[in-house]
Amino acid sequence: MARRIAAGAAYGGGSVGLIGAAAVGVFLAEVQLAKKQVGGGSAPVPPSADGRYGVAFAGPSDPLRLGMLGDSTAAGQGVRRAGHTPGALLASGLAAVSERPVDLRNVALPGARSDDLERQVSLLLADPARTPDVCVIMIGANDVTHRMPATQSVRCLTTAVRRLRTAGAEVVVGTCPDLGTIEPVYQPLRWLARRVSRQLAAAQTIGAVEQGGRTVSLGDLLGPEFAANPRELFGPDNYHPSAEGYATAAMAVLPTLCAVLGLWPETDRLDGTRREDILPVAKAASQAAREAGTEVTGARAPWARLKHRRRRRLPASTEPHPYPHPDAAPDRA
């Protein structure tokens, strides 16, 4: 199914049906029930985390530029401190590993679907002097909940990845999370939400890898601990992650972020004990969608490399420092 969705996105196919007609009535009734319960708490407006991280590493090298795109998960909705957002956590971790300052610019929008990526990419690429070195895209949940055709969703994502790669930025995509982990969602909607979100995640992987990006499966927001401790890892609205949930997600994305920039040694040797393999891209995408935290990167077509990178503990997050003003004196900057 993921291969069909990706093919339809690439060659202009229409919507690929994921739900049988007999299930539509039950599905819609369950959706309305879930909507009444999700968001029962208050989800604060995401704090702005834009700025410079790792100022202690200032030196002759230019800062790395990190761009964040996507929906409320990429924006960090559900937490109140900028340092708890995934962008801030990734920028702090990237600065610590590279020993260089990192300038973060987050253009993600809560509630965004994949068709908003065109606007977000345009914002990031508007100034050629500030083209990001690497971008992280986290999108897909709203596409599922708003029933956007999967082919359209993947087409929008692949176009965004292609534009960023053409501009010279590396791209890491955190694929659609497993919506079957949301507490207020009951059966049979829970099973259906898991199935549809995993199919979309696999199709996103195929499309992104074919455009030269890498993907990390977010699944149940990265690890069995999320399903085991929903009270700790969900935010007050029972939908968005808490600070601990975002930290768990960031720990899974950071190794791939560092690898794509060449900050950690890469090896072609596969670790069989960790189920790493080289598979056809569709099979690699399907396997990654079933196991959160799995990285997929392109090998020689039509193959892809499946990796399970070790999670590294993130440094203590810091609040962003404002960008130096372009006209500031060098010593002040």
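Reader: Where is the place of Cys176?
Author: Cys176 sits in the loop between β5 (170–174) and α8 (189–210). Helices (H or I, at least four residues) and strands (E, at least two) are DSSP runs, numbered from the N terminus. Please keep in mind that this is a predicted model, where local features need pLDDT of at least 70, side-chain atom pairs count only at pLDDT 80 or more, and totals for chains, interfaces and linings use all residues. Residues are numbered from 1 along each chain as its sequence is written, and side-chain values use heavy atoms, with hydrogens and water left out.

Reader: What makes Cys176 count as buried?
Author: Buried means under 20% relative accessible area, exposed over 50%, and partly exposed in between (1.4 Å probe, protein chains only). Cys176 has a relative accessible area of 3%, so the residue is called buried.

Reader: Which residues is Cys176 in contact with, leaving aside its neighbours within four places in sequence?
Author: Contact means heavy atoms within 4.5 Å. Among the residues that Cys176 contacts are Ile139, Gly140, Ala141, Ser197 and Gly219.

Reader: Why is the pair Glu295 and Arg214 called a salt bridge?
Author: The term asks for a side-chain nitrogen of Lys or Arg within 4 Å of a carboxyl oxygen of Asp or Glu. Here the N to O distance is 3.3 Å, so the pair qualifies. Glu295 lies in strand β8 (residues 295–298) and Arg214 in strand β6 (residues 214–216), so the pair ties together parts that are 81 residues apart in sequence.

Reader: Are Glu295 and Arg214 buried or exposed?
Author: Glu295 is buried, at 1% relative accessibility, and Arg214 is buried too, with a relative accessible area of 14%.

Reader: How do you know that Arg119 is partly exposed while Asp116 is buried?
Author: Arg119 has 37% relative accessibility, which makes it partly exposed. Asp116 has 14%, and therefore counts as buried. Their side chains meet in a salt bridge, at 2.9 Å from N to O.

Reader: What are the closest N and O atoms of Arg52 and Asp103 apart?
Author: They are 2.6 Å apart, in a salt bridge. Arg52 lies in strand β1 (residues 51–53) and Asp103 in strand β3, so parts 51 residues apart in sequence are tied together.

Reader: Why are the buried residues of α5 on the same side?
Author: Leu117, Gln120, Val121 and Leu124 are buried in helix α5 (residues 117–125). They cover an arc of only 100° around the axis, which puts them on the same side of α5; the arc is that of the directions from the helix axis to the C-beta atoms.
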